[in-house]
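Please consult the sequence and the structure shown below alongside the text.

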Amino acid sequence: MRLLSWLQPCWILGQEMVDFLIELAKSGFTNLTLIDNSSTAVELAKAIAEKEEVMPLKLQVADFLHSFPKLSQYDICIDKGTFDAISLSPDQPAEKQSSYRQALHSVLKDGGLFLITCCNWTKEELVSHFSEGFEMLQELPTPKFQFGGKVGSTVTALVFKRKE
């Protein structure tokens with residue numbers, strides 16, 4: 001939360017992040033947007049937000065990889081699983097990864113931050129994926145494990161900055 005304390009507006013990919021969005025709203029953040037390509041997921045997010053009495057939030061059904069309502073530019077974008085999901089698609093994953101990077105670049109302001117938590121890609125792989133248009137600023141600490149003398153992690157969390 002310390003990293004986010006000075007960043008607004010914030011854009012969040014994927015309904016599974018609704019709890020985080022609600023906590024940001026309760027902490028006084030404004031101009032928060034969550035998108036998901038599932039109308040059912042967005043309706044669930046709306047119901048949770050209403051129950052928590054943190055409306056109005058911007059909760060939209062949108063396909064991040066294709067056309068979506070004109071979104072303003074954001075200071076920060078947070079992804080916990082969306083890039084993983086599109087990367088695992090059996091239908092043209094490399095093209096979808098490229099579309100994701102382009103869409104992300106278009107919604108972030110110059111110098112905007114992109115926080116990604118990923119369970120399918122290493123730090124080196126993510127840096128390679130996002131090297132066009134983004135600079136890695138920091139690797140966030142994640143739980144580690146040791147097996148056979150090697151240290152590893154089940155998740156990678158990185159902060160990137162949009163290049164101008």
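V107 is buried, because its relative accessibility is 2%, which is under the 20% limit. The model in which this value was computed is a predicted one. V107 belongs to helix 4, which spans residues 93-107. In sequence, V107 and C77 are separated by 30 residues, while their C-alpha atoms are 8.5 Å apart in space.

## Overall architecture

The protein contains 5 helices and 9 strands. Read from the N terminus, the order of these elements is β-α-β-α-β-β-α-α-β-α-β-β-β-β. Of the 164 residues in the protein, 43% are buried.

The accessible surface of the protein amounts to about 9000 Å², and carbon and sulfur atoms account for 52% of that area. Contacts between residues at least 6 apart in sequence were also examined: 66% of them join residues that are at least 24 apart.

## Helix 1

Helix 1 covers residues 18-26, and its buried residues are V18, L21, I22, L24 and A25. Viewed down the helix axis, these buried residues fall within an arc of 160°, so they line one face of helix 1. After helix 1 comes G28, which has a positive phi near 100°.

## Strand 2 and T33

Strand 2 is largely enclosed by the rest of the structure, because 5 of its 5 residues are buried. In a regular strand, side chains alternate between the two faces of the sheet. In strand 2, L32, L34 and D36 point one way, whereas T33 and I35 point the other way, and all of them are buried. Strand 2 pairs with strand 3 (residues 58-61) in the parallel sense, over 4 bridges. Within this pairing, I35 stands opposite Q60 of strand 3.

T33 is located in strand 2, which comprises residues 32-36. T33 counts as buried because its relative accessibility is 0%. Which side chain does the side chain of T33 meet in a polar contact? The partner is the side chain of Y74, at 2.8 Å.

## Nonpolar cores

The largest nonpolar core has 21 residues; F83, Y100, L104, F114, I116, L126 and F130 are those that touch the most other members. The elements contributing two or more residues to this core are helix 3 (82-87), helix 4, strand 5 (108-118) and strand 9 (156-162). A second, separate core consists of 14 residues, including V18, L24, A25 and A49. Of these, V18, L24 and A25 are also among the buried residues of helix 1.

The surroundings of F83 can be listed in detail. Apart from neighbours within four places in sequence, F83 is in contact with Q97, Y100, I116, C118, W121, L126, H129 and F130. Among these partners, Y100, I116, L126 and F130 are named, with F83, as residues of the largest core that touch the most other members.

## The loop at S89

S89 is found in the loop between helix 3 and helix 4. Is S89 buried or exposed? S89 is buried, because its relative accessible area is 15%, again under the 20% limit. The side chain of S89 reaches the backbone nitrogen of D91 at 3.2 Å.

Note on methods. Residues are numbered from 1 along each chain as its sequence is written. This is a predicted model: local features need pLDDT of at least 70, side-chain atom pairs count only at pLDDT 80 or more; totals for chains, interfaces and linings use all residues. Side-chain values use heavy atoms; hydrogens and water are left out. Buried means under 20% relative accessible area, exposed over 50%, partly exposed in between (1.4 Å probe, protein chains only). A polar contact is a pair of N or O atoms within 3.5 Å; within protein, one must be able to donate a hydrogen and the other to accept it, and residues adjacent in sequence count only if both atoms are side-chain atoms. Contact means heavy atoms within 4.5 Å. Accessible areas come from the Shrake-Rupley method with a 1.4 Å probe; for residues, only the protein chains shown count as cover. The arc is that of the directions from the helix axis to the C-beta atoms. Two strands pair if DSSP finds at least two bridges between them. A nonpolar core is a set of buried Ala, Val, Leu, Ile, Met, Phe, Trp, Tyr and Cys residues joined through side-chain atoms within 4.5 Å.
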